Amino acid sequence: MTMLDAKIPNGPIEKKWSEYQATCALVNAANRKKMTVIVIGSGLAGGGAAAALGELGYHVKLFCFHDSTRRAHSVAAQGGVNAAKNYQNDGDNVYRMFYDAIKGGDYRSREANVYRMAELSVRLIDTCVAQGVPFAREYGGSLGNRSFGGVQVERTFYAQGQTGQQLLMGTNSAIARQVKAGRIERFSRHEMLDLVVKNGRAIGVIVRDAITGEIERHAAHAVVLGTGGYAKIYYLSTMAMGCNATAAWKAHKRGAFLANPSFVQVHPTSLPALGKHQSKLTLMSESLRNDGRIWVPAKSGDDRSPEKIPDSERDYYLERKYPAFGNLTPRDIAARAAKEQIDAGHGVGPMRNAVFLDFRDAIAQHGREIIQSRYGNLFGMYQKITGIDAYVTPMLIAPSPHFTMGGLWVDYELMTTIEGLYACGECNFADHGSNRLGANSLLQACVDGYFILPSTIGNFLSGRIKEPLYSTDDPEFDQAESKAREDIQKLLSIKGRQSVDYFHRTLGATLWDCCGISRSRESLNRGIEQIRDLREQFWSDVNITGGAYEPNSELEKATRVMDFLELGELMCIDALHREESCGAHFREEYQTKEGESLRNDEGFSYVSAWQHRAEGEPILHKEPLSFEAVNVMTRNYK
Amino acid sequence: MELNLRIWRQDGPDTPGQLVNYHLDNADPGMSFLEMLDAVNEQLINNGERVIEFDHDCREGICGSCGMVINGRPHGPAQGSSTCQLHMRSFQNGDQITIEPFRASAFPIIRDLKVDRSAFDRIIDSGGYISTNIAAAPEANSILISKDEASNAFDAAACIGCGACVASCKNASAALFTSAKVTHLVNLPQGKVERSTRVVQMVDQMDTEGFGACSFTEACEAVCPQQISVNHIAQMNWEYNRAKLGM
């Protein structure tokens, strides 16, 4: 085990980023043209980085597995993006926003990064507006805000319930502009299969063209991953079907440490699973909790229709348990409280796996029109999926895996433990600790891509100006390409009895059971065993039809699930080693008498960063967390 | 529920395709349309056959990946809905359902129900953006935008780029898609600076890609999952004429 150095600049927290920018090395405009940067992923983080690097004049190769850069899963974020603009004059500022995120993350995030995220939020809104993002407006024409879970100010900017889509269209337009300028080379329907590392440094990638099936080699002076999170590992999650961990996991196997992999956010308000055919769970934005009230029948097993249950027989359990924040408690607390009610037999809906989110009182107070203007598209979406009119009948909602706070370990410059390999957005770990606050994910992805990476990458590339690109004929490229081809051949040759989806569903159910909203030593040990068995079964019994050199969506799924089957085990190992409860990581052995999390700051105030080994258990490294700008407290939302 | 499916199978752009019959006897009314196709593919895998290829991702109607012609209508019978949001409760037990790809010469077939819509990206590349540098933005509230302007821009910006408009059009026109981007930007003060060059470049690119002309049948609006109005096409035409007349 080693202690990791995050290279945090010295000085007071509010000066660190400006100090860094004033002193970091730069690459001049003439030299930038000669340097190639590979970016994997075209969401707000990867796409934002690609656009910003293109603007700076670098030659950017941008890869995405979708048919268009406009489809990355950032597109699905509904609620909004936070910024400390204090337009509402309600006492907000950068420090308060930073404090909320540190506290919301249950003191398991890196202070300097979180402060920088809050600091840069202010400029981000300016950038988005300039790109043409149609945020909600007040009658006078100024920008509107709303409130999100875990905070007491209104700092969330939004575009109806499609904020992610609108921000991504902004990013996509910035990408398009650089494509036209010839600075971004765009490779759609290309999926990264491996990272090429030479002497500890990232020198390129291996990708598969999803139409021809050809395996390609691409070299670069630096590689940036903006590949998103891995919550799809649970199969049933709010993630898109294609969300995967392959790029990050392959980087991990090539030497990048993976941090806090067990920190997974379960969103309290998704639609419940309604049958065994279910392929994903649709999120209902947290913004609904501004006006909707969450409740369950006070009597377990009460199966009257909700309208018939009088107020005296309803348990508005969040308002009861957390009067100060009520329905707007942070996500981890709201999700766990829902699970508690469902486990105690108060669950509602056909599978008794849900709670009610009720707009009756809000409609009575504000009128249907106002509620429709705020959430019209969400109510419409709910009706399309369930056939139920939520203006009349309360919504059924349930907890669902939604975001991964864990990810590739990065230093202050967003560089991983592999030199020249960067990770932006959800695929890194740094800003959300053990629980992310709503509307901070769009924020982090955007500031990482637009503002931070374009500065920090120069500090690395400035030392590489005279170095030519490594040749793709290098033996490291040969080795990585052969490995990718071997994996594919092996997968296709098994011809077993079970589909890839079978393995994915089974893995997801195991993880949900053993490493979900709550975990215990017993469940995690069981999870590790089961995942190992499942992995063995996968490599002897998976059935993939079709060939390697053609469009083959089953093969694409298989290359992702094969990595999930390894990552799942590491998630359990990480959760097992962390003998405390913090944020989304709730270990049943470590709770107060009232059932709240019991953090252990003496033992676990660190980031766990795991090093992969080809044989044997992974090695744990630690980055100690020190808090200078905040007092570490017990979270209290009562 | 039991379903009789006729699904378009085609190996590649240069090979002939055909409708193939499939039977599914365990569909559930609560399934989404794509989950129903997952079930068909599961059967195919069990028989050792290659699966039906189709694009899909978010399965919540926002990424724009999915899209197929269902019983002659892009995205199927539900109003304002993408294929992934269509549920089997919209069909009856024993129904015959015909499933085909989005057809247009500017959307070459890749395989089965998967088509190449990269022409849309090239239309955006041609000028569908505001030329602003990331760090060059003025303070956000220095650009005041009325609620109506913001709302009009949003209505157009809500386009998910699925291509149903093209598939529904007898001319395979991309006018609704292109106009949505043109009007999204021109309805905002910050988008007005480049209004003339933008509309001319985008319309030219649309023509270059081989999309047909708009003859205003409004079929596109009828199938658009985001219910984007053909009024945007009228506004695009106005903007185009304005630009060409040098107004």
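In chain A, strand E6 and strand E7 (residues 201-209) run antiparallel and are joined by 8 bridges; two strands count as paired if DSSP finds at least two bridges between them. Helices (H or I, at least four residues) and strands (E, at least two) are DSSP runs, numbered from the N terminus. Lys198(A) stands opposite Arg201(A) of E7(A).

Please keep in mind that this is a predicted model, in which local features need pLDDT of at least 70, side-chain atom pairs count only at pLDDT 80 or more, and totals for chains, interfaces and linings use all residues. Residues are numbered from 1 along each chain as its sequence is written, while chains are lettered from A and ligands numbered from 1 in the order in which they are written.

E6(A) and E7(A) belong to an open, antiparallel sheet of 3 strands with the order E6-E7-E8 in chain A. Its edge strands, each pairing on one side only, are E6 (190-198) and E8 (215-219) of chain A. From one strand to the next, the twist averages 25°. Helix H13 (residues 475-494) of chain A lies across E6, E7 and E8 of chain A and runs at about 140° to E6(A). Axes here are lines fitted to C-alpha atoms, for helices over the stretch in contact, and angles run from 0 to 180 degrees between N-to-C directions.

Elsewhere in chain A, strand E11 (residues 264-270) is largely enclosed by the rest of the structure, because 7 of its 7 residues are buried (20 or more other C-beta atoms within 10 Å of a residue's own, with C-beta atoms placed from the backbone). E11(A) is joined by 5 bridges to the antiparallel strand E15 (residues 395-404) of chain A. Within that pair, Ser270(A) has Ala398(A) as its bridge partner.

Chain A also meets chain B, in a contact that takes 61 residues from chain A and 65 residues from chain B. Residues are in contact if their C-beta atoms, placed from the backbone, lie within 7 Å. On the side of chain A, H6(A) gives the largest share, 9 residues. The classes on that side are tabulated below; Ala, Val, Leu, Ile, Met, Phe, Trp, Tyr, Cys and Pro count as nonpolar, Asp, Glu, Lys and Arg as charged, and the others, Gly among them, as polar.

| Class, side of chain A that touches chain B | Count |
|---|---|
| Nonpolar | 24 residues |
| Polar | 25 residues |

Conventions:
Contact = placed C-beta atoms within 7 Å. Buried ≥ 20, exposed ≤ 12 C-beta atoms within 10 Å, placed from the backbone.
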